[in-house]
Amino acid sequence: MNLEQLIQQFRVDADDLVQPYLWPDDWVAPWFTEAVSEAAVRGRLIYEAADPAICEIAVTAGVATYPLHKSLYELAHLRFKPTGSTQSEPVHLKAREELDRIRPGWRDEAGTPRYAVQDDTRITLVPRPELAGTLHIEGYRLPLKALENDTDKPEIHEAHHRHLVHWALHRAFTKPDSETIDPTRAATAEAAFTRYFGPRPDADLRRSTRHDEVQTNKAFWV
């Protein structure tokens, strides 16, 4: 489905078929852009391993920290290839706390990167690279473009498109307007979206997918 078809389906489901519409197109279109991003994160739908602009970082000798592409939110595989080499070495994501435990002094080390620490928008190589090269990345990302033109299509499989309407309905019925706000219909639509694409991971859960965390058992006394 393209954006025009999605908006048409929204109007049928929302019973908003008579002009002037309760929700104009320039409100509804951004809700579908938001819906695709929500679906991509909840369902981990867009895996990127090929686009050099997203998946390759030019590494400079002596520089450890680099910005990630703004679309990437979860990294799945890393490898470092020194300039001139035909072989790359795996790089493993770790938490700072885990590196403190297994490799004390890592902040001062230099050599071939073996580990990486992912922050929200940056990645730090450990040890600090002695040689220039390329960091190759694979991971999950957000859509790259907003849905703006009638012919634009969501960057996820066609099978998922119909279910994006639930998010647009949720946003429509939660808009603070005395004529249109409907908490019950908004909640029903959000629940339908969640049943299909899954719950949205919170910041703690997202953070835990970025590295191997130390697992501990806690004892509780009553």
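Predicted model: local features only at pLDDT ≥ 70, side-chain atom pairs only at ≥ 80, totals over all residues.

User: How is helix packing read, and at what angle do helix 1 and helix 6 pack?

Analyst: A pair of packed helices is described by the angle between the two axes and the distance separating them. Helices are DSSP runs of H or I with at least four residues, strands are E runs of at least two, and both are numbered from the N terminus. Axes are lines fitted to C-alpha atoms, for helices over the stretch in contact, and angles run from 0 to 180 degrees between N-to-C directions. Here helix 1 and helix 6 (residues 165–174) pack at about 55°, with axes 10 Å apart. That makes helix 1 oblique to helix 6; under 35 degrees counts as roughly parallel, over 145 as roughly antiparallel, 65 to 115 as roughly perpendicular, and the rest as oblique. Helix 1 passes helix 6 in a right-handed crossing. A crossing is right-handed if the near helix is turned clockwise from the far one by less than a right angle, and left-handed if anticlockwise.

User: How are helix 6 and helix 7 arranged relative to each other?

Analyst: Helix 6 and helix 7 (residues 183–197) pack at an angle of about 155°, and their axes are 8 Å apart. The two are therefore roughly antiparallel. Helix 6 passes helix 7 in a left-handed crossing.

User: Which backbone features deserve attention, and where is Pro20 placed?

Analyst: Most peptide bonds are trans, and most residues other than glycine have a negative phi. In this model the bond from Gln19 to Pro20 is cis, with omega near 0°, and Pro20 sits in the loop between helix 1 and helix 2. The bond from Val126 to Pro127 is also cis, with omega near -5°; Pro127 is placed in the loop between strand 8 (122–126) and strand 9 (128–129).

User: What is the phi of Asp15, and is the residue buried or exposed?

Analyst: Asp15 has a positive phi of about 55° although it is not a glycine. Asp15 is found in the loop between helix 1 and helix 2 and counts as exposed at 60% relative accessibility. Buried means under 20% relative accessible area, exposed over 50%, and partly exposed in between, with a 1.4 Å probe and protein chains only. Arg44, in the loop between helix 2 and strand 1 (47–48), has a positive phi near 50° and is partly exposed at 42%.

User: How are salt bridges read, and how many are there?

Analyst: Side chains of opposite charge can pair when their charged atoms come close. The rule requires a side-chain nitrogen of Lys or Arg within 4 Å of a carboxyl oxygen of Asp or Glu, and the count comes to 14 salt bridges. One of them joins Asp13 and Arg162 at 2.9 Å, N to O. Asp13 lies in helix 1 and Arg162 in the loop between helix 5 (158–161) and helix 6, so the pair ties together parts that are 149 residues apart in sequence. Asp13 is partly exposed at 24%, and Arg162 is partly exposed at 33%.

User: Which partners does Arg141 have?

Analyst: Arg141 meets Glu48 in a salt bridge of 2.9 Å, N to O. This pair links Arg141 in strand 10 (residues 133–141) with Glu48 in strand 1, 93 residues apart. Both Arg141 and Glu48 are buried, Arg141 having 5% relative accessibility. Glu155 also forms a salt bridge with Arg141, the closest N and O atoms being 2.4 Å apart. Glu155 lies in the loop between strand 10 and helix 5, 14 residues from Arg141, and is partly exposed at 34%.

User: Which residues are linked in a network of salt bridges?

Analyst: Arg11, Asp16 and Asp25 are linked in such a network.

User: Finally, which residues form a nonpolar patch on the surface?

Analyst: Patches are made of residues with over 30% relative accessible area and no salt bridge, with like charges joined within 9 Å and nonpolar side chains (Val, Leu, Ile, Met, Phe, Trp, Tyr) within 5 Å. Accessible areas come from the Shrake-Rupley method with a 1.4 Å probe, and for residues only the protein chains shown count as cover. Val12, Leu17 and Val18 form a nonpolar surface patch, with about 300 Å² of accessible area together. Val18 lies in the loop between helix 1 (3–14) and helix 2 (25–43) and is exposed, at 63% relative accessible area.

Definitions and conventions: Residues numbered from 1 in each chain as written. Heavy atoms only, no water.
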